[in-house]
Amino acid sequence: MTLKGDNGILEQANKARKKTEEAKKEEENIFAQAEIYIVGKAEVGKIVKESNKTINGKSYSYRNPVIPEGFAAIETEDATWNLDSEGNPKGWNKGLVISDEVDSNGNSVGNEFVWIAVDNEKVNYDRIAYSKEGWENSQSSNGIDTETNSLKIVRNPSIEGYYCVEMLAEDERDSVNKYGGFYIGRYEAGVKNYTDINFEGFNEPYSIAPSDEWTAFKEGSITIREGETVWTLITKKEAQRQSEQLYFLNKAVKSKLISSYAWDTALKFISQVDEEFPTNK
């Protein structure tokens with residue numbers, strides 16, 4: 001056997017290398033296709049079971065929202081889950097809705113949430129300071145607190161360094177980066193099944209609650225539905241507890257009291273549809 005020519009060792013080795021590379025590329029393409037469709041399809045009006053899905057069965061993104069296990073995609077007048085020419089739901093930037101309970105006709109009878117798409121172009125996941133006064137007296141000239149990586153909100157411009165910040169929770173940041181957005185309650189948090197409204201111990205003139213975990217609505221539970229009694233007369237700590245326990249049995253989702261990051265991002269998202277909608281600028 002010679003080293004050169006069509007039948008030489010070097011030529012045969014070169015052909016073998018090319019075939020190996022072609023086989024590897026084909027394998028990578030197959031795995032890529034599998035990754036695209038590995039999520040599984042959801043149907044409008046039907047509760048997703050077993051694992052998170054999307055409406056088209058492809059990987060989730062800001063234009064193709066994840067539909068968590070235990071929830072169903074719901075059609076509304078403003079946002080439809082019908083697919084566009086690119087295969088993504090047409091209403092991805094209009095406020096797509098999911099619900100944790102539907103009737104036999106696929107209509108929502110449960111808690112509802114709206115998709116806030118974070119494309120990192122028009123809408124970034126960050127918070128906006130409501131006041132720029134006094135930044136010249138702070139340690140960072142552009143108003144960014146380096147320790148928490150968040151915008152400074154100055155409380156008293158006359159006192160150097162007197163501002164408040166909120167650190168972005170890592171699990172919150174990672175979730176938004178992974179899914180390309182988040183869901184926010186479609187309605188204000190309401191209260192249901194309460195046994196009594198009791199103001200005992202509440203200092204009304206100064207709005208001072210008798211404890212950190214207080215609410216006037218005794219034995220009440222949280223609900224995110226249209227027409228419910230809005231849950232006021234509740235401390236922040238109790239509101240946090242109620243928000244976090246809403247889906248503590250569902251391992252596919254995590255609920256929490258809205259952060260300043262989620263709130264400001266939601267305002268920016270809505271303003272993309274309605275230019276006159278106010279934001280925290």
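Q: What makes S12, S9 and S13 an open sheet, and in which order do the strands lie?
A: The order is S12-S9-S13, with antiparallel pairing. The edge strands, S12 (221-223) and S13 (229-230), each pair on one side only. Strands here are DSSP runs (E, at least two residues; helices are H or I, at least four), numbered from the N terminus. This is a predicted model, where local features need pLDDT of at least 70, side-chain atom pairs count only at pLDDT 80 or more, and totals for chains, interfaces and linings use all residues. Residues are numbered from 1 along each chain as its sequence is written, and side-chain values use heavy atoms, leaving out hydrogens and water.

Q: How do you know that S9 and S13 pair?
A: Pairing takes at least two bridges found by DSSP between two strands. Strand S9 (residues 190-192) and S13 have two bridges, in the antiparallel sense, so they meet that definition. Val-191 stands opposite Thr-229 in S13.

Q: Why is Ile-197 called partly exposed?
A: Buried means under 20% relative accessible area and exposed over 50%, with partly exposed in between (1.4 Å probe, protein chains only). Ile-197 has 38% relative accessibility, so it counts as partly exposed. Ile-197 sits in strand S10 (residues 196-197).

Q: Which helix gives the most to the lining of the second largest pocket?
A: That is H3, with three residues. Lining residues have an atom within 4 Å of a pocket point. Helix H3 (236-245) and helix H4 (260-273) each supply at least two residues of this lining. Among the lining residues are Lys-236, Gln-240, Glu-244 and Trp-263.

Technical notes:
1 Å grid on protein atoms, 1.4 Å probe; cavity = no way out; pocket = protein on both sides within 12 Å on 5 of 7 lines; lining within 4 Å.
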